[in-house]
Amino acid sequence: MWGLRFIQLLAGLCVFGLGAALMVRANLGLDPWNVFHQGLSGLTGLSLGVLSILSGVVVMLLWIPLRQKPGIGTIANILMIGLSLDFFMWVLPEFQGWPLRIGALTCGVVLTGLGSAAYIGAGMGTGPRDGLMVGLNRRLGWSIRVSRMLVEVVVLAVGWMLGGVAGVGTVAFALCIGPLVQFFLPWFQNRFQPRPE
């Protein structure tokens with residue numbers, strides 16, 4: 001079953017990358033971390049995918065004082081989201097006109113929720129950013145909700161100041177990602193547990 005879980009993990013991360021690329025091409029605002037990556041991209045000339053990988057590595061290093069341990073899912077998360085984001089950015093055109101842009105944004109948010117549920121449901125380790133929230137919760141006693149909100153507000157503010165695009169897509173992502181993951185997660189959790197005879 002390990003192999004099937006690993007395939008689910010990789011597929012979920014690729015779907016997440018596709019969703020993120022659709023949001024970028026819609027140009028209506030990104031999730032907080034990609035606002036940050038987009039701002040850095042404007043300064044460095046590096047692609048969003050490369051910056052996603054680099055920031056994932058830096059965030060994982062922050063796990064050390066929090067005594068968090070990465071799993072194979074953590075490493076796959078760092079690499080696959082960045083690589084798939086750059087691939088789909090290369091494939092997808094810039095969307096023109098409000099109907100196409102809104103459609104791309106909607107699909108992007110839904111696919112990031114679906115992809116998140118798939119890789120979380122594989123149960124092979126948290127992504128670096130999620131692991132940071134868990135570590136802050138365990139070591140400092142902050143709730144997951146407060147930890148996530150503080151970190152994402154900071155990266156969103158810094159990214160916006162650097163020129164990243166925040167907008168209606170950012171708000172849509174913030175409002176919808178939790179409910180979407182909650183909706184899709186039962187599709188992917190415990191799929192590979194042995195069934196009682």
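Biologist: Which residues does Met23 touch, leaving out those up to four places away in sequence?
Modeller: In this predicted model, Met23 touches Leu28, Gly29, Leu30, Asp31, Leu105, Gly108, Val109, Gly169 and Phe173, a contact being heavy atoms within 4.5 Å.

Biologist: And which residues touch the most other members of the largest nonpolar core?
Modeller: They are Ala21, Leu22, Met23, Leu85, Met89 and Leu105, in a core of 28 residues. A nonpolar core is a set of buried Ala, Val, Leu, Ile, Met, Phe, Trp, Tyr and Cys residues joined through side-chain atoms within 4.5 Å; buried means under 20% relative accessible area with a 1.4 Å probe, protein chains only.

Biologist: Which helices each supply at least two residues of it?
Modeller: Those are α1 (2-26), α5 (72-91), α6 (98-121) and α9 (168-188). The largest share, 7 residues, comes from α9. Apart from this core lies another of 13 residues, including Trp33 and Leu136.

Biologist: How many helices and strands are there in the chain?
Modeller: The protein chain has 9 helices and 0 strands, taken as DSSP runs (helices H or I, at least four residues; strands E, at least two) numbered from the N terminus.

Biologist: What fraction of the residues is buried?
Modeller: Buried residues make up 47% of the 197.

Key: Residues are numbered from 1 along each chain as its sequence is written. This is a predicted model: local features need pLDDT of at least 70, side-chain atom pairs count only at pLDDT 80 or more; totals for chains, interfaces and linings use all residues. Side-chain values use heavy atoms; hydrogens and water are left out. Buried means under 20% relative accessible area, exposed over 50%, partly exposed in between (1.4 Å probe, protein chains only).
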